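I opened the model to look up helix packing, charged pairs and confidence. My entries follow in the order I made them.

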Amino acid sequence: DRSGLSEEVVRRKHALYLGAGDYKKAANELERLIEAFPRDMEYRHLLASFYNQINEPKKAREVYEQILEVEPDNAKARLALSGSAEAATDEEKYMASLKPVFRQSDVAIDLKIGKIIPFIQKVANTGDKRLAEATLELTQILEQVHPSEAKAYAAGADLLYHSGQRDAALEKYRKALELDDTVFLLWEQVMHIYNENGN
């Protein structure tokens, strides 16, 4: 190990301090790794997650900002800084802030979908058409950037279905099934719509 610092030992000490409730020492251990490997963003992400875990969002934000100073295109940090859906006062503004990251093809689709699940849930609970439209803009980007991913179409289908656009939803569910016919929930939704349509 080039720095004479064993990652495993540091991680164990971090876990030990965390278990003992000594957050300051737990953070120090992760900071030692960052000092030893300043180009490795994974350790910085660990520290930011740790701060979120112990309910120190301000410190987490600072770490994410440091990551972006070193790597301006770091998608995980950009997504984290685009705020949390719960805290978003202006939902449409929040959606707009997600668009650049959603257009990055090197960002995993699961990370992106994780950001819009709260909105899909909200549309499912309220039938809010305006919110559905704003979120559909993001699922359309997902379809363009990840055309072979069933999840992209399924997310859009859910939004259409829960905002009362059954036929459009059916089309997207069927597209998702063309890409992956092993997802039971998708079949269930399709049968549900056929049933509602008396088909």
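**Helix 8 packing.** I started with what the buried residues of helix 8 pack against, and found helix 6 (91-102), helix 7, helix 9 and helix 10. This is a predicted model, so I kept an eye on confidence throughout. I listed the buried positions in helix 8: Leu131, Ala132, Ala134, Thr135, Leu136, Leu138, Thr139, Ile141, Leu142 and Glu143. Glu143 is on that list, and so are Thr135 and Thr139.

I then checked the length of helix 8. It covers residues 129-145, which is 17 residues. From first C-alpha to last it reaches 24 Å, close to the 24 Å expected at 1.5 Å a residue.

What caps the N-terminal end of helix 8? I found Asp128 there, with a side-chain oxygen 3.0 Å from the backbone nitrogen of Arg130.

Is His14 buried or exposed? I noted a relative accessibility of 13%; the cut-off for buried is under 20%, so His14 counts as buried. Leaving out residues up to four places away in sequence, His14 touches Ala26, Glu29, Leu30 and Phe50.

Arg12 is another matter. I got a relative accessible area of 56%, and exposed means over 50%, so Arg12 is exposed. Its side chain has a polar contact of 2.5 Å with the side chain of Glu8. I also took the C-alpha distance from Arg12 to Ala26: 9.8 Å, at 14 residues apart in sequence.

**Salt bridges.** How many salt bridges does the structure hold? I counted 10. Side chains of opposite charge can pair when their charged atoms come close. I went through some of the pairs.

Asp110 and Lys151 meet through their side chains at 2.6 Å, N to O. The pair links distant parts of the chain, 41 residues apart: Asp110 sits in helix 7 (residues 109-126) and Lys151 in helix 9 (residues 150-162). Asp110 is partly exposed at 46% relative accessible area. Lys151 is partly exposed at 39%.

Glu196 and Arg166 form a salt bridge at 3.2 Å, N to O. This pair too links distant parts of the chain, with Glu196 in helix 11 (residues 184-196) and Arg166 in helix 10 (residues 166-179), 30 residues apart. I have Glu196 as partly exposed at 33%. Arg166 is partly exposed at 32%. Next I noted a network: salt bridges that share partners join Lys13, Glu29 and Arg32.

Asp73 pairs with Arg78, and the closest N and O atoms are 4.0 Å apart. Asp73 is exposed, at 56% relative accessible area. Arg78 is partly exposed, at 25%.

**Confidence.** I closed with pLDDT. The protein has a mean of 87, and 94% of its residues reach 70 or more. Which elements have the lowest and the highest mean pLDDT? Helix 5 (residues 75-81) has the lowest, 81, and helix 9 the highest, 96. Over residues 85-89 the pLDDT is below 50. Beyond near neighbours in sequence, I found five contacts for that stretch in the model. Where pLDDT is low, the predicted coordinates should not be read in detail.

Notes:
Residues are numbered from 1 along each chain as its sequence is written. This is a predicted model: local features need pLDDT of at least 70, side-chain atom pairs count only at pLDDT 80 or more; totals for chains, interfaces and linings use all residues. Side-chain values use heavy atoms; hydrogens and water are left out. Buried means under 20% relative accessible area, exposed over 50%, partly exposed in between (1.4 Å probe, protein chains only). A polar contact is a pair of N or O atoms within 3.5 Å; within protein, one must be able to donate a hydrogen and the other to accept it, and residues adjacent in sequence count only if both atoms are side-chain atoms. Helices (H or I, at least four residues) and strands (E, at least two) are DSSP runs, numbered from the N terminus. pLDDT is the predictor's confidence in each residue, from 0 to 100. Contact means heavy atoms within 4.5 Å. The expected span of a helix is 1.5 Å times one less than its number of residues.
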